Amino acid sequence: MNLSKNFTLEELTRTNLTLPNIPSESEKAKLAELVNGLLQPLRDKWGKPINVTSGFRSSAVNKEQGGSIKPLSQHCKGEAADLETDDNAHLFHLICEHFDFDQLIWESGNDLQPDWVHVSYKTKGNRKQVLRMTVVKGKKRYTVIS
Ligand SMILES: [Zn+2]
């Protein structure tokens, strides 16, 4: 099912785990808002494919992947996506400078490139919070950049 020109519900709900990962109608509606409010306009500006490595996660999938439980990961609400391209740093800066978002996270990697980019989007009340995640002694640590 197409959510927009370049994004399908299938790629936003894909998981390599053998656990159920089916969004409810309201979670599907949030995924559609994420795609049409942010991912598709971003894809249009980027001009090249953007790989969604993780979008919606059921609570079972989120738990298995070590996602945050308190507060509940925005992936579980259908508000977040993890993105990978051939230049994650460039994508990160493009989102930061040109788009409305709730949280933008430089995920792991180093000072030059994150391993992936996490972004979340809400129709109302976007915080425009920019963070960096580093793994310290096996634990995720988030630092606010702006
Ligand atoms: Zn994420």
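Reader: What is the strand order of the open sheet, and which kind of pairing does it have?

Author: In this predicted model, the open sheet of six strands runs in the order β1-β2-β4-β3-β5-β6, and its pairing is mixed.

Reader: What makes β1 and β6 the strands at the edges?

Author: β1 (51–54) and β6 (139–144) each have a single partner strand, so one side of each is left without a neighbour in the sheet. On average, and with direction ignored, neighbouring strands of this sheet are turned by 30° against each other.

Reader: How do you know that β3 and β4 pair?

Author: Pairing takes at least two bridges between the strands. β3 and β4 are joined by four bridges and run antiparallel. Within this pair, Leu104 stands opposite Val119 in β4.

Reader: What is the sense of the pairing between β3 and β5, and how many bridges join them?

Author: β3 and β5 run parallel and are joined by five bridges, against the cut-off of at least two. Gln103 stands opposite Gln129 in β5.

Reader: How many bridges lie between β5 and β6, and which residue of β6 is the bridge partner of Arg132?

Author: Six bridges join β5 and β6 in the antiparallel sense. The partner of Arg132 is Thr143 in β6. β5 and β6 form a hairpin with two residues between them, and Lys137 in the turn has a positive phi of about 50°.

Reader: Why is Gln74 called buried?

Author: The cut-off is 20 or more other C-beta atoms within 10 Å. Gln74 has 22 within that distance, so Gln74 is buried. Gln74 is found in the loop between α3 (59–64) and β2 (80–84).

Reader: Which residues are in contact with Gln74, leaving aside its neighbours within four places in sequence?

Author: They are Glu79, Ala80 and Ser120. Tyr121 is 47 residues from Gln74 in sequence, and the C-alpha atoms of Gln74 and Tyr121 are 9.0 Å apart.

Reader: How do you know that the buried residues of α4 line one face of the helix?

Author: The buried residues of α4 are Leu91, Phe92 and Ile95. Seen down the axis of α4, they fall within an arc of 100°, so they line one face. An α-helix has 3.6 residues a turn, so residues three or four places apart point the same way.

Reader: What do the buried residues of α4 pack against, and which strands does the helix lie across?

Author: The buried residues of α4 pack against α2, β2, β3 (103–107) and β4 (116–120). The helix lies across β2, β3, β4 and β5 (129–136), running at about 20° to β4.

Reader: At what angle do α2 and α4 pack, and what is the handedness of the crossing?

Author: Helix α2 (residues 25–46) and helix α4 (residues 88–98) pack at about 115°, with their axes 11 Å apart. Their crossing is right-handed.

Reader: Which residues meet where α2 packs with α4?

Author: Leu42, Lys45 and Trp46 in α2 meet Leu91, Leu94, Ile95 and His98 in α4. The residues of this contact divide into five nonpolar, one polar and one charged. Trp46 and His98, 52 residues apart along the chain, have C-alpha atoms separated by 11 Å.

Notes:
Residues numbered from 1 in each chain as written. Predicted model: local features only at pLDDT ≥ 70, side-chain atom pairs only at ≥ 80, totals over all residues. Buried ≥ 20, exposed ≤ 12 C-beta atoms within 10 Å, placed from the backbone. Contact = placed C-beta atoms within 7 Å. Axes fitted to C-alpha atoms, helices over the stretch in contact; angles between N-to-C directions. Left-handed = near helix turned anticlockwise from the far one by under 90°. Nonpolar A, V, L, I, M, F, W, Y, C, P; charged D, E, K, R; others polar. Arc of directions from axis to C-beta.
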